[in-house]
Amino acid sequence: DAGEAAMAVIGQPMLDAGGTGVSSTRLSGPAGIGFVGGTLNRLYVADQRNNRVVGYNVAAVQDAGSASLLFGHPDRDGGPVWESNCANGPTDFSVTRGWAIAVDGTGNRLFASDILIAGDDDSTGRIVAFPLTTQGLPASYAATGVLGQSDSWSCSAQAFSAPTANSLTFPTGIVFDDVRNRLFAADMLGGRVVVYDFAQGGLTNGMAATAVLGRATMDAGNEP
């Protein structure tokens, strides 16, 4: 119904509370969400200002619910660090300024896009893939794949005017196609949507996109 009230809240102690925080029950700048239904009922959130991705079991949602998993801040033993929001830079463990989430329920992967720097003429963006168990929990806190960067885990600046099939500038939205095993990424500052096809050779670091939408060619720049 129009104007219907929310039934519960995540990231705040109550529906009419504000503010931000960094813990298993707080969020700071949630920017994107992904969901897996069925028997799992897991919600994944790109907690942008805390530089992490957190996950909740939402089979039964209640106010101030606690996250049950985290990517982006592991300790030396590989466990989650809930009270950290440091920007750790581009590594296989980090999620810096995460913008979007997509879940591959068939291949048990969570994709997260992050953007480190946005300048006047270029930006550094990538999509990292974290492995999940069949229960939707972290199989490892280290990502097993990266897209948008040709030199593995680092983040090199990419000019808006010179995109390539291997690059991403500012990936703000991602969607996974479970049927055809494809990932669609909205590369905002590149003025395009790129498509990655994993059906044949799977995901390899820095792999080229197989198609582009919004541009005549993959290397067409962001001009009117």
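Tutor: A residue counts as buried under 20% relative accessible area, as exposed over 50% and as partly exposed in between, with a 1.4 Å probe and protein chains only. The structure above is a predicted model, in which local features need pLDDT of at least 70 and side-chain atom pairs pLDDT 80 or more, while totals for chains, interfaces and linings use all residues. Residues are numbered from 1 along each chain as its sequence is written, and side-chain values use heavy atoms, without hydrogens or water.

Student: Is Ser84 buried or exposed?

Tutor: Ser84 has 16% relative accessibility and therefore counts as buried. In the protein, buried residues make up 47% of the 224 residues.

Student: Where does Ser84 lie, and with which residues is Ser84 in contact beyond its neighbours within four places in sequence?

Tutor: Strands are DSSP runs of E with at least two residues, helices are runs of H or I with at least four, and both are numbered from the N terminus. Ser84 lies in the loop between β4 and β5 (98-104). Contact means heavy atoms within 4.5 Å. Beyond its neighbours within four places, Ser84 is in contact with Val22, Asn50 and His73. A polar contact is a pair of N or O atoms within 3.5 Å; within protein, one must be able to donate a hydrogen and the other to accept it, and residues adjacent in sequence count only if both atoms are side-chain atoms. The side chains of Ser84 and His73 make one of 3.2 Å.

Student: How many helices and strands does the protein have?

Tutor: The protein has zero helices and 13 strands.

Student: What is the order of strands in the open sheet of four?

Tutor: Strands of a sheet pair through backbone hydrogen bonds, either parallel or antiparallel. Two strands count as paired if DSSP finds at least two bridges between them. The order here is β1-β2-β3-β4, with antiparallel pairing. The edge strands, each pairing on one side only, are β1 (30-36) and β4 (69-71). Between β2 (residues 42-47) and β3 (residues 52-57) there are six bridges, and Tyr44 stands opposite Gly55 in β3.

Student: How many aromatic pairs are found in the whole structure?

Tutor: Rings of Phe, Tyr and Trp (its six-membered ring) pair if their centres lie within 6.5 Å; planes under 30 degrees apart count as stacked, over 60 as edge-to-face and the rest as tilted. The search finds six pairs. In one of them, the ring centres of Phe71 and Phe130 are 4.5 Å apart with planes at 25°, so this pair is stacked. Because Phe71 lies in strand β4 and Phe130 in strand β7 (residues 122-131), the pair ties together parts 59 residues apart in sequence. Phe71, at 0% relative accessibility, counts as buried, and Phe130, at 0%, likewise counts as buried. Phe71, Phe130 and Tyr141 form one aromatic cluster.
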